[in-house]
Amino acid sequence: MECTVRWMGSDAGMSFVAETGSGHMLAMDGAPEAGGRNLAPRPMEMLLAGTGGCSAFDVVLILKKGRHQVTGCDVSLKAERADSDPKVFTRIHLHYRVKGRQLKAEAVARAIELSKDKYCSASIMLGETAAISYDFEIIEEVS
């Protein structure tokens, strides 16, 4: 995996553009008090969003492979960071809302556990510094 991150220069404050190995571009910026212009997500917000995306991807894939009728999944993440540098994540809570037809709580819990413990590289890596917790709700899809 590769990525190139480029500072947009002194006229741009603390704005950066990344180009991923798969050819996608994304912007990052800092808070005004750090010299940024608040034009894009902070790098640590991107890390948190990536963790949510990684885990949601796993949960949906695991449920689909188990032939469960999943039709939606979103994850809200709340994180706390250390007060001093390096300001690593110290706690992360993921709240999953999984939508589908006749989904069993045991199947959803198992999919989340598999993501947390085996498949989601991002959450497993962040788990080295952060206590990671989760809960979920199932939303029954009405035909």
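1. Let's start with the strands. β1 (residues 3–7) and β2 (residues 16–20) pair in the antiparallel sense, over five bridges. Strands here are DSSP runs of E with at least two residues, helices are runs of H or I with at least four, and both are numbered from the N terminus. Two strands count as paired if DSSP finds at least two bridges between them. Across this pairing, W7 stands opposite F16 in β2.

2. A quick word on what you're looking at: this is a predicted model, where local features need pLDDT of at least 70 and side-chain atom pairs count only at pLDDT 80 or more, while totals for chains, interfaces and linings use all residues. Residues are numbered from 1 along each chain as its sequence is written, and side-chain values use heavy atoms, with hydrogens and water left out.

3. Now follow β2 onward. β2 and β3 run antiparallel and are joined by four bridges, with E19 standing opposite M25 in β3. Their hairpin has four residues between the strands, and there G23 takes a positive phi near 90 degrees.

4. Next, have a look at D29, in the loop between β3 (25–28) and α1 (43–65). D29 is buried but has no salt bridge; R37, the nearest side chain of opposite charge, is 5.0 Å away. Buried means under 20% relative accessible area, exposed means over 50%, and partly exposed is in between (1.4 Å probe, protein chains only). For charge, Lys and Arg count as positive and Asp and Glu as negative, with His and the chain ends not counted. A salt bridge needs a side-chain nitrogen of Lys or Arg within 4 Å of a carboxyl oxygen of Asp or Glu.

5. So what does D29 touch? Leaving aside neighbours within four places in sequence, its contacts (heavy atoms within 4.5 Å) include M14, G36, L39 and P41. The side chain of D29 also reaches the backbone nitrogen of N38 at 3.0 Å.

6. Salt bridges do turn up elsewhere: the whole structure has four. One of them joins R91 and E80 at 3.9 Å, N to O. That pair links distant parts of the chain, with R91 in strand β5 (residues 89–101) and E80 in strand β4 (residues 69–81), 11 residues apart. R91 is partly exposed at 49%, and E80 is partly exposed at 45%.

7. E141 and R101 form another, with their closest N and O atoms 3.5 Å apart. E141 lies in the segment after β6 (131–140) and R101 in strand β5, so this pair ties together parts 40 residues apart in sequence.

Conventions
Polar contact = N/O pair within 3.5 Å; in protein donor to acceptor, adjacent residues only side chain to side chain.
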